[in-house]
Amino acid sequence: MAPIVIIGTGHAGVMLGREFRKRDAETPLLYLTADDGAAYYKPNLSKALADGKQPDALVMQSPDKLGEVLNASVRANCQVSKIDPAAQHVELTGGERIAYSKLVLALGADPVRLPFEGSGAGEVRSVNDLLDYRSFRDNLPAGGRVAIIGAGLIGSEFANDLAATDHVVHLIDLADWPLSRLLPRPLGQALGEALAEGGVHLHLGQSVKRIERNGETLSIETSGGDAIQADIVLSAVGLAPRTTLASAAGIHCNRGVVVDDHLATNAADVYSLGDCAEIGGHVLPYIMPATHAARALAATLAGEATPLSWPAMPVVVKTPMCPTVVCPPSSATGSWGQIEGEGRDLSAIFTDDAGQACGFALTGAATRRRGELAKLMPPLLKSG
């Protein structure tokens with residue numbers, strides 16, 4: 001019997017295997033992954049320094065242990081080069097073909113890479129997985145200087161973690177406040193003020209013009225004329241779902257690999273979930289959406305067709321300097337209103353064009369309202 005093949009051993013793929021094994025102990029499972037196959041919790045990367053953990057300590061299961069626990073085969077360091085939905089097999093670099101009964105694309109996403117000018121442009125790093133993080137930590141001097149491009153979720157979390165562990169941090173973003181896509185201005189400014197008090201040097205409303213290598217130092221010039229000296233430049237400007245493999249196989253892709261409410265693509269017996277998938281127009285690179293998707297797809301693969309439903313899913317931002325929670329609005333149109341609170345203890349409600357509350361953001365002590373407000377939000381995706 002051909003196995004269920006899962007491409008990817010990130011959170012989505014591993015969670016799918018765990019949930020599937022609760023329902024089916026015997027159907028063969030095969031994981032194919034381009035990295036080393038170690039299972040780890042990706043959100044821990046941006047708080048490992050403050051937690052006092054080295055990269056190896058973040059590994060929860062080795063590939064062998066993961067395979068043992070899931071009664072699965074795990075093939076690490078192998079690259080899938082082609083999917084043939086008609087023949088129901090995948091092809092690896094080198095030509096080996098592997099048949100599947102069902103195929104799951106848990107491919108993840110790639111860091112968005114901006115073009116920079118200057119002799120140091122090729123040295124800009126991204127941290128998208130544990131291998132990246134190991135390299136980052138290996139090259140990070142104690143108390144070193146780090147310039148972070150992008151003050152979104154990952155950039156702000158890394159800025160907090162680095163500054164809290166006595167590194168010199170510069171945070172650069174085109175927007176006028178951190179987390180500008182997730183927070184209204186007053187809450188974003190509260191977060192920015194807290195980061196600045198914690199030692200983060202903010203360069204907001206600016207872009208990077210040039211990055212030059214000057215001896216042991218990387219020199220960054222911003223559009224606002226700021227001159228920043230760094231040991232490492234880290235880009236955190238966003239993620240792009242990995243769709244190339246699926247698209248080449250004729251699988252419908254838009255921003256991500258397009259799936260229906262059963263996580264099925266337009267190709268028979270091919271499914272997708274996690275950071276690479278687009279569901280109901282949503283691409284959500286967060287843990288909880290992937291977890292809900294894994295549970296629903298596990299049931300479907302085990303023979304009980306189960307549509308995905310997403311409740312309101314608040315995201316806890318790992319910025320202890322200013323605790324922050326965001327529940328991304330379920331509507332693409334609307335506005336932030338009902339901003340309440342004092343100082344940095346602020347709450348804001350997002351309402352759609354019909355006046356329906358469909359998202360919220362909280363900072364400081366107001367984050368205690370997370371559970372209360374989540375119950376008032378409509379589901380992001382209704383089953384069926």
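Predicted model: local features only at pLDDT ≥ 70, side-chain atom pairs only at ≥ 80, totals over all residues.

User: Okay, how do the axes of helix 1 and helix 7 cross, and at what angle?

Analyst: Helix 1, which spans residues 11-21, and helix 7, which spans residues 287-301, have axes that come within 8 Å and cross at roughly 40°. Because of that angle, helix 1 counts as oblique to helix 7.

User: Which residues make the contact?

Analyst: On the helix 1 side the contact is made by H11, A12, M15, L16, E19 and F20, while helix 7 contributes I287, A290, T291, A294, R295, L297, A298 and L301. Sorted by class, this contact comprises 10 nonpolar, 2 polar and 2 charged residues.

User: And the hand of that crossing, right or left?

Analyst: The crossing of helix 1 past helix 7 is right-handed.

User: Switching topic, how many cavities of 30 Å³ or more are there?

Analyst: There is 1 cavity of 30 Å³ or more in the structure, and the largest cavity has a volume of about 40 Å³.

User: What lines the largest cavity?

Analyst: Its lining is formed by G274, A277, I279, H282, L284, P289, A290, A293 and W310, and the elements that give two or more residues to this lining are strand 21 (277-279) and helix 7.

User: Which element gives the most to that lining?

Analyst: Helix 7 gives the most, with 3 residues.

Methods: Residues numbered from 1 in each chain as written. Heavy atoms only, no water. Axes fitted to C-alpha atoms, helices over the stretch in contact; angles between N-to-C directions. Helix = DSSP H or I, 4+ residues; strand = E, 2+ residues; numbered from the N terminus. Parallel < 35°, antiparallel > 145°, perpendicular 65-115°, else oblique. Left-handed = near helix turned anticlockwise from the far one by under 90°. Contact = heavy atoms within 4.5 Å. Nonpolar A, V, L, I, M, F, W, Y, C, P; charged D, E, K, R; others polar. 1 Å grid on protein atoms, 1.4 Å probe; cavity = no way out; pocket = protein on both sides within 12 Å on 5 of 7 lines; lining within 4 Å. Points joined across faces, edges and corners; volume = space filled by probe spheres on them.
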